[in-house]
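Subject: Structure handover

Hello,

I am passing on the structure you will be working with from here. My notes on what was found follow below it.

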Amino acid sequence: MWKRHWKLAVLGLILVVQTLAIGALWCQVNSLWAEMSDSREAAADLESRLEAAGAALQELQAAQDRPEPAARFENPVLNPQSRMLTVDIVAQVPDVHASSLDVGFCRVGEPYSLAWKLGTLSPHADGVTYTGTVTFPLDLDMGLELRLADDTVLYSSATIAPLLPLQMQSGGSGFHYSYERQELSLLDFGVHLMSPSGEETEPADGVFRLYQNGTLIHTIRETADRPMLDVDGTVQDGVTIPCAPGDRVRLTYACSDPFGLRYEFPLYEQKAMRWDDMEECPLSKTPSLAWPE
């Protein structure tokens with residue numbers, strides 16, 4: 001009898017252990033299901049955020065690829081008698097899709113409502129490019145902003161020079177300064193001029209002007225075979241001038257465009273040092289301008 005009770009007790013103990021083990025396994029299964037559910041939700045949330053980030057990135061890329069509103073001027077024509085300037089305008093204005101585009105010519109910083117001249121540009125098939133031709137009185141000392149009716153600035157310049165027929169691409173000379181002899185030698189003078197659209201342009205009556213401490217001391221030009229020719233007719237390989245430490249030397253290029261407007265382009269200004277070298281001085285590259293007499 002006692003053996004039977006012993007077997008029943010062992011069997012009951014085994015059943016209890018199994019029940020506890022099954023309960024523990026179910027807890028683990030439930031925990032795993034909960035973790036899996038959380039992982040799925042996290043994965044779905046991550047996927048949603050990745051999709052949103054991808055959409056935002058595509059939108060940002062599209063915005064970067066879209067041109068900013070801007071304008072340039074081409075084919076300037078001057079009338080020296082009436083002092084009028086005629087130019088073609090090429091504007092890039094995305095997301096407008098208008099049958100025409102109103103623009104206003106303003107002084108720098110002034111709104112469209114104060115424009116001293118209004119114009120209209122016509123659209124191209126691409127829906128972004130607008131073009132037109134405008135004529136207006138030319139004040140050589142003026143600045144200019146081109147604005148849309150909502151005051152978007154398409155173009156801004158503190159001077160009118162960038163719209164004119166002649167633009168300086170590069171220019172200058174070689175030089176050698178001797179502190180011991182206190183002499184400055186300049187040679188290999190040269191310039192390259194272009195139109196506002198970037199085409200190489202040949203000026204008329206071009207001469208180099210050399211200033212020392214604000215005083216004009218030489219006016220020279222290049223001949224066809226590249227020697228230097230002083231205005232008095234003297235042919236020379238270059239220019240050598242007395243130059244003490246602290247002296248400032250400025251080189252400019254003066255010329256006329258096909259319409260007779262006179263330009264003087266600053267090329268560089270340098271100060272003699274207390275050794276064999278010249279220090280570059282800050283210099284505005286805006287040319288001085290004068291109407292033909």
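The second largest pocket has a volume of about 200 Å³. It is lined by 15 residues, and those closest to its centre are Met168, Phe265, Lys285, Thr286 and Pro287. Two or more lining residues come from each of strand 8 (167-178) and strand 17 (262-272). Strand 8 contributes the most, with five residues. By type, the lining of this pocket consists of eight nonpolar residues, six polar and one charged. Please keep in mind that the model is predicted.

Next, the nonpolar core. The largest one has 51 residues, and the members that touch the most other members are Phe73, Phe136, Leu138 and Leu146. As a general point, nonpolar side chains in soluble globular proteins tend to be buried together.

Phe136 turns up again in several places. Leaving aside residues up to four places away in sequence, Phe136 touches Arg83, Met84, Leu85, Val87, Phe105, Trp116, Lys117, Met142, Ile160 and Leu163.

On aromatic pairs, a search of the whole structure finds seven. One of them is formed by Trp116 and Phe136, with an edge-to-face arrangement, 5.5 Å centre to centre and 70° between the planes. This pair links distant parts of the chain, 20 residues apart: Trp116 sits in the loop between strand 3 (101-106) and strand 4 (117-123), and Phe136 in strand 5 (residues 129-137). Together with Phe105, these two residues make up one aromatic cluster.

Trp116 counts as partly exposed because its relative accessibility is 29%.

Last, two backbone angles to look at. Most residues other than glycine have a negative phi. His97 is not a glycine, yet its phi is positive, at about 55°. His97 lies in the loop between strand 2 (84-92) and strand 3. With a relative accessible area of 62%, which is over 50%, His97 is exposed.

Asp188 also has a positive phi, near 55°, and is a residue other than glycine. Asp188 is placed in strand 9 (residues 183-194). Its relative accessible area is 59%, so Asp188 is exposed.

Regards

Terms used:
Residues numbered from 1 in each chain as written. Predicted model: local features only at pLDDT ≥ 70, side-chain atom pairs only at ≥ 80, totals over all residues. Heavy atoms only, no water. Core = buried A, V, L, I, M, F, W, Y, C linked by side-chain atoms within 4.5 Å. Buried < 20%, exposed > 50% of the residue type's maximum accessible area, 1.4 Å probe, protein only. Contact = heavy atoms within 4.5 Å. Phe/Tyr/Trp six-rings, centres within 6.5 Å; stacked < 30°, edge-to-face > 60°. Helix = DSSP H or I, 4+ residues; strand = E, 2+ residues; numbered from the N terminus. 1 Å grid on protein atoms, 1.4 Å probe; cavity = no way out; pocket = protein on both sides within 12 Å on 5 of 7 lines; lining within 4 Å. Points joined across faces, edges and corners; volume = space filled by probe spheres on them. Nonpolar A, V, L, I, M, F, W, Y, C, P; charged D, E, K, R; others polar.
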